[in-house]
Amino acid sequence: MVQVNENEYRLKFFLNNNYNRKICQVCQTPFWTKDKERNVCADIPCTDYYFFDLNIKSPPLTVREARQKFLKFFEKKGHTIIPPKPVLARWREDLYLTIASIVDFQPFVTSGIVPPPANPLVLSQPCIRLEDVDNVGVTFGRHLTTFEMAAHHAFNYPDKQIYWKDETVELSKEFFVEEIGIPEEELNYKESWWEGGGNAGPSFEVTVGGLELATLVFMQYEIKDGNYVPLKLKIVDTGYGVERIAWFTQKTPTAFHAIYGNLVYTFFNKIGAPLVDDELLKTAAILAGRIDPDKPETIKRHREEVAKKLGLDLKYVDQELTRAARVFQVLDHTKTIALMLADGLVPSNSGEGYLGRLLIRRALRVLRLLGSDIKLYELVKEQIEYWKEDFPQLLKNKDYILDVVNLEQERFNETLSKISLTASSLSRRKEISVDDLVKLYDSNGIPPDLLVEEIRKINPEIKVEVPYNFYGLVAKRHQTVPLKDTKKEKLPKDVIDLAENLPPTKKLYYEDQYKRSFTAKVVSVYKNYLVLDQTTFYPEGGGQIGDTGIIKDEKGNTYQVVDTQKVKDVIFHILDKEPSLKEGDEVYGEIDWQRRYRIMKHHTVTHVILSAARKVLGEHVWQAGAEKTPQKGRLDITHYKLPTEEEIKKIEDLANYIINDRRSVRPLIINRTEAEMKYGVSIYAGGVPEGADVRLIEIKDWDIEGCGGTHLSNTSEIGALKIINVEKIQDGVIRLEYVAGDVVAQYARQEEDKLKEISRQLSTSPEQIEVRLKRFLEEYKEKEELLNQYRKMMLQEIENISKKETVNGVTIYIINLFDEELRKEAMRKLTMNQKSIVVNISNKGNNNVVEIATSNDLRVDKIIEALRREGGKGGGKGTYGSITTQLNVDKIVNTIKSTINNGI
RNA sequence: GGGCCGGUAGCUCAGCCUGGAAGAGUGCUCGGUUGGCAUCCGAGAGGUCCCGGGUUCAAAUCCCGGCCGGUCCA
C-alpha cells in the first residue's frame with residue numbers, strides 16, 4: 001500500500017464535530033469516531049457482529065424499503081435518481097459483470113469525455129461478483145454473489161465543483177443517524193485506500209456493530225507509470241450495502257432471512273430440508289467474522305466455537321449448519337441466475353456465458369448434496385415471483401429464464417450420468433489421489449463430492465478424501481502466465497505508426513452515404529498506401545469490409561483501390577501499386593458502386609434481421625459478431641439452442657415484411673449518455689464505439705443500434721432476403737448467413753448450377769435427379785453384395801487355389817490375394833487347423849510384401865527373423881507378421897521352408 | 001481469452017502408455033427354448049478407428065496441423 005498523507009483523512013467535518021482519530025488495537029487501522037472509549041474499528045474480524053445488540057430507531061427494513069429510503073433521502077438532498085444498468089456490463093469491453101455502481105460510468109464519464117446523466121446523482125445498482133462464490137452460505141450472509149450497491153456520486157470538474165469529502169461524509173452521517181437512527185457514537189469511519197481501473201484515492205469504510213455498511217471513495221489520482229497524478233475530474237464514488245442495511249435493521253438470524261424473508265422457509269420446504277434452529281443460525285452468524293475464506297480450517301473452528309458457545313454436540317451443529325449453508329447457497333445462486341438471464345446471458349462453455357453455467361451447476365450440485373430432486377427452475381420461479389417488482393426484467397423474460405434453466409439442468413444431468421461409470425471403474429482401486437479428482441473435475445466436470453459418494457457406495461474401504469481447498473487446487477492448475485493480447489492488425493506496423501502524425505480524414509460517406517465519387521488532396525503517400533484529406537471510400541469497420549474502386553490523378557494515371565483501412569480517424573487507401581503522387585496533388589476517386597451497394601444492402605438487412613431474431617427468439621438475442629461483404633451477410637447471435645426451421649422461416653418472413661413495408665432508415669448522431677438513457681445498452685450490440693457522441697442507425701419503429709457503417713435510406717431498397725445457412729459456431733452462439741437484393745438471384749443461380757452439374761454427372765435431368773440417385777444407390781448396394789458373394793466363393797475354394805506344401809509336418813499355404821478383405825478372411829480360415837502357415841506375397845514397387853500368419857500353436861518370430869537376415873524389413877508378434885523384402889518369391893518360400901525345417 | 005479431456009459398430013465404451021490380423025457389452029436380424037412375455041442358448045449382419053499430413057517395412061496406437069464435442073478457469 002502507498003504511503004498516504006494523513007491529512008487526506010483529517011476532515012473539517014471530523015474536527016468540528018468532535019470525532020477522534022483512533023488506532024484499532026487489533027488491525028492497527030486508523031479510524032474516526034465520536035466514542036471516546038472505543039479502541040477497535042468495529043469491523044470484522046477485529047470484532048464479532050454485535051449490531052444485534054444495538055438500539056436503533058429505524059423499524060425493520062426490507063431490501064426494497066432500505067433502497068427506497070436511501071434513494072428518497074439523497075433525492076431530498078439534491079440528487080437525481082437514475083435507473084440502474086443491467087448486471088451484464090455490455091457497455092464495457094473489459095468486464096463481463098457489473099461489479100459496482102461506478103462501472104455504470106466507466107470509461108466515458110469517469111474520463112471526462114461525456115457528462116454524467118445527472119450531477120450529483122443517486123442510484124441503486126444490482127451487482128454480481130463471483131470471487132466469493134465458494135464462501136456463499138457457509139459465512140451466513142457475509143458473502144453473496146449478488147447485492148445492490150446504493151450510491152451517491154458527485155463528479156467534480158475543474159469548472160464545476162459539486163461536493164467533496166466533508167459533504168460526502170456528512171451526508172452519510174445524516175443518512176445513518178437520521179434515517180436509520182443509528183446513535184452517532186456507533187459510527188466509525190475507517191481510513192482506507194482504494195485503487196481500481198487505473199485510478200486511486202483515499203476512502204472511508206463506514207462500520208457499525210461489526211458490519212461495513214458503506215464505503216466512501218474519493219477518486220482523485222490517476223496511476224501513471226506507478227506515480228499518482230492528480231485527476232482533473234474528481235469523483236465521489238460511494239457504495240452502500242442495501243442488503244446489509246436491511247439485515248442491520250431487521251436483526252434476523254442471518255442476512256439471508258433479511259434479504260429473502262419468507263422465501264427462506266419456502267426454499268427449505270421445497271427442497272425438503274428440515275429447518276434449522278434460529279438461535280443456532282444467529283450464533284453462527286455472529287461468529288461468522290472469524291472465518292477466513294483463505295483458510296478452510298477456520299470453517300471447522302467456527303463450528304467448534306458455535307457448538308461450544310451453545311453447549312451443543314459438534315456433530316449436530318456441523319450437520320445442521322452444513323444443511324442451512326447449502327440452502328442459503330441455493331437461495332443466493334438462484335437470484336443471481338435469474339438476474340443474469342433476465343439481462344440476456346446465454347449459458348455457454350466459455351466467455352460471459354460460462355459465468356451463468358457455473359452458477360447453475362453449483363446450485364444443481366448443492367441440490368443434489370441436499371438430496372433434493374426438485375427442479376431448479378421451480379426455485380428460480382420463486383425468485384422471479386419474489387423480486388418481480390424490484391426487477392421488472394425478471395417477469396418480462398420469465399419464459400426465457402425458466403426454459404434456459406431447465407435446459408441447463410438437462411445438460412448437467414448428462415454430465416452427471418458419467419459419474420456412475422467413472423465411479424465403478426475407480427472403485428476397483430485401493431486409493432484415489434486428490435490429483436485424480438482434480439483432473440476428473442477439470443476435464444470432465446465430475447464434481448468430486450458426488451463422485452466420492454458414489455464410489456463409497458461400491459467400495460466403502462477405499463482411501464479417498466475431498467480436501468477443503470479443492471477448488472483452490474483446480475484454480476492452481478490454470479495459473480499460467482497471461483499471454484499478451486495478440487490482436488490481429490490489418491495494417492503493418494510502420495503504416496500504423498505513420499498515422500500518428502496525420503490529420504483525421506474527412507468522412508464524405510457520412511455526409512452522403514450514396515456518394516460515389518469525389519475529388520480530394522493528397523495528404524500522405526507511403527509505399528502503396530494513400531491518405532487523402534477527404535474520401536468516400538469506407539474503411540473496414542463494424543463488420544463492414546472496406547471499399548474498392550479507382551483513384552485518378554491529373555496526369556491521367558489510374559490506380560486501383562484494392563482495400564480501405566483505417567487507423568483511428570486516418571483512412572488509408574491501399575492501391576494496387578505505388579503511385580507517383582505527392583502531397584498536395586489533387587485526385588479524383590470513385591468507389592466500385594455495384595459492390596458497395598450490395599454491401600449496404602447486406603448491412604441494412606443485418607439490422608433488420610437482428611431485430612427480427614429478437615422478436616422471434618427472445619430479448620436475450622445479442623449480436624456476437626457480424627460481417628458484411630458484397631457476396632453475403634453474416635450475423636452471429638447469442639441463443640441457447642439451434643433455431644428450428646420454423647423459427648428461421650419466421651425470422652426471414654418478418655425481415656422480408658419489414659423490407660416490403662418500406663421503413664425509413666436514418667443515421668443520427670447523439671450524445672452517448674443521452675443515447676444510453678433513451679435506448680438502453682442494446683445500442684452497443686455491435687460493439688462499443690469510442691468518443692462522446694455515438695452514431696445510431698434507426699429503422700423506423702423497428703430497430704436502433706450504434707453503427708458506423710453505410711446504410712440504405714429505406715428498407716425497400718434491400719429488395720429481398722434469403723437466409724442461406726444456419727449453424728451453431730459455439731455453445732450459445734448461432735451463425736446466420738444470408739443474401740439480399742440481386743445477390744439472391746446470384747445465389748439461386750449458383751444453386752441451380754450445382755444441381756445441373758450433379759444431374760450431368762448422373763446423366764439425368766434435374767427433374768429426375770432424385771429417382772436417378774435412388775436407383776444409383778440401389779445399384780451400388782447390389783454390386784457390393786455381389787462382390788461379397790464372390791468373396792465367399794473364393795473363400796470356399798481357397799484351399800484349392802493356394803499353393804500347398806508340407807514341410808516338417810507343417811502345412812504351408814502360399815497365396816497371392818490383393819483384395820485385403822478377402823486376404824484376411826482367407827488367412828484366418830487357413831490357419832484354423834493346427835500346424836499351418838499362410839504366406840501371402842504381393843508386389844509393391846520393387847519389393848515383395850510378405851504377410852505371414854500361423855495357427856495358434858505356432859509363432860512367426862523365427863520366420864520373420866530369417867527373412868530379416870536376408871535383408872527384409874519388418875516384424876511381427878505372435879501369430880502374425882509382415883515383412884518387405886527384395887527377395888523374389890522362390891527365395892522367400894525357400895527361406896521359410898528351411899526355417900520350418902530347422903524347427904519353428 | 002486460456003488450459004485440460006475426448007472422437008473406435010446404431011448406443012455405451014475397451015484397445016493407444018509399450019506400433020504388428022478391429023474388440024466387449026448392449027441393441028438389431030434370424031434360429032432354438034416358451035401357450036405368450038421375460039429369461040436363456042446358438043448364429044449373423046453391422047467399421048472412412050473424426051479429417052489431413054508426417055515418421056515407419058507396418059499406424060486406431062507415435063508426431064504435427066485442422067474439424068467437432070465435452071469440461072474447467074479467468
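**Sheet, hairpin and cores: how do we know?**

Modeller: Four strands make an open sheet here, ordered E18-E19-E24-E23 with antiparallel pairing. This is a predicted model, where local features need pLDDT of at least 70, side-chain atom pairs count only at pLDDT 80 or more, and totals for chains, interfaces and linings use all residues. Residues are numbered from 1 along each chain as its sequence is written, chains are lettered from A and ligands numbered from 1 in the order written, and side-chain values use heavy atoms, leaving out hydrogens and water.

Colleague: What makes E18 and E23 stand at the edges?

Modeller: Strand E18 (623–628) and strand E23 (721–730) each have a single partner strand, so one side of each has no neighbour in the sheet. The twist averages 15 degrees from one strand to the next.

Colleague: How do you know that E23 and E24 pair?

Modeller: Strands are DSSP runs of E, at least two residues, and helices are runs of H or I, at least four, numbered from the N terminus. Two strands pair if DSSP finds at least two bridges between them. E23 and E24 (residues 733–740) have 8 bridges, in the antiparallel sense, so they count as a pair. Within that pairing, Glu-727 sits opposite Arg-735 of E24.

Colleague: Which strands does helix H20 lie across, and at what angle to E24?

Modeller: H20 (residues 593–617) lies across E18, E19 (633–638), E23 and E24, at about 135 degrees to E24. Axes are lines fitted to C-alpha atoms, for helices over the stretch in contact, and angles run from 0 to 180 degrees between N-to-C directions. Helix H23 (residues 742–761) touches E23 and E24 too, at about 100 degrees to E24; contact means heavy atoms within 4.5 Å.

Colleague: Why is E28 called largely enclosed?

Modeller: Buried means under 20% relative accessible area (exposed is over 50%, partly exposed in between; 1.4 Å probe, protein chains only). In E28 (residues 847–854), 7 of the 8 residues are buried, so the rest of the structure largely encloses this strand. E28 runs antiparallel to E27 (residues 836–844) with 8 bridges, and to E30 (residues 880–885) with 6. In the E27–E28 hairpin, with 2 residues between the strands, Gly-845 has a positive phi near 65 degrees.

Colleague: What makes a nonpolar core?

Modeller: A nonpolar core is a set of buried Ala, Val, Leu, Ile, Met, Phe, Trp, Tyr and Cys residues joined through side-chain atoms within 4.5 Å. The largest has 172 residues, and Phe-176 is among those with the most contacts inside it. Helix H9 (residues 314–342) gives the most, 13 residues. A second, separate core has 46 residues, including Phe-518 and Cys-707.
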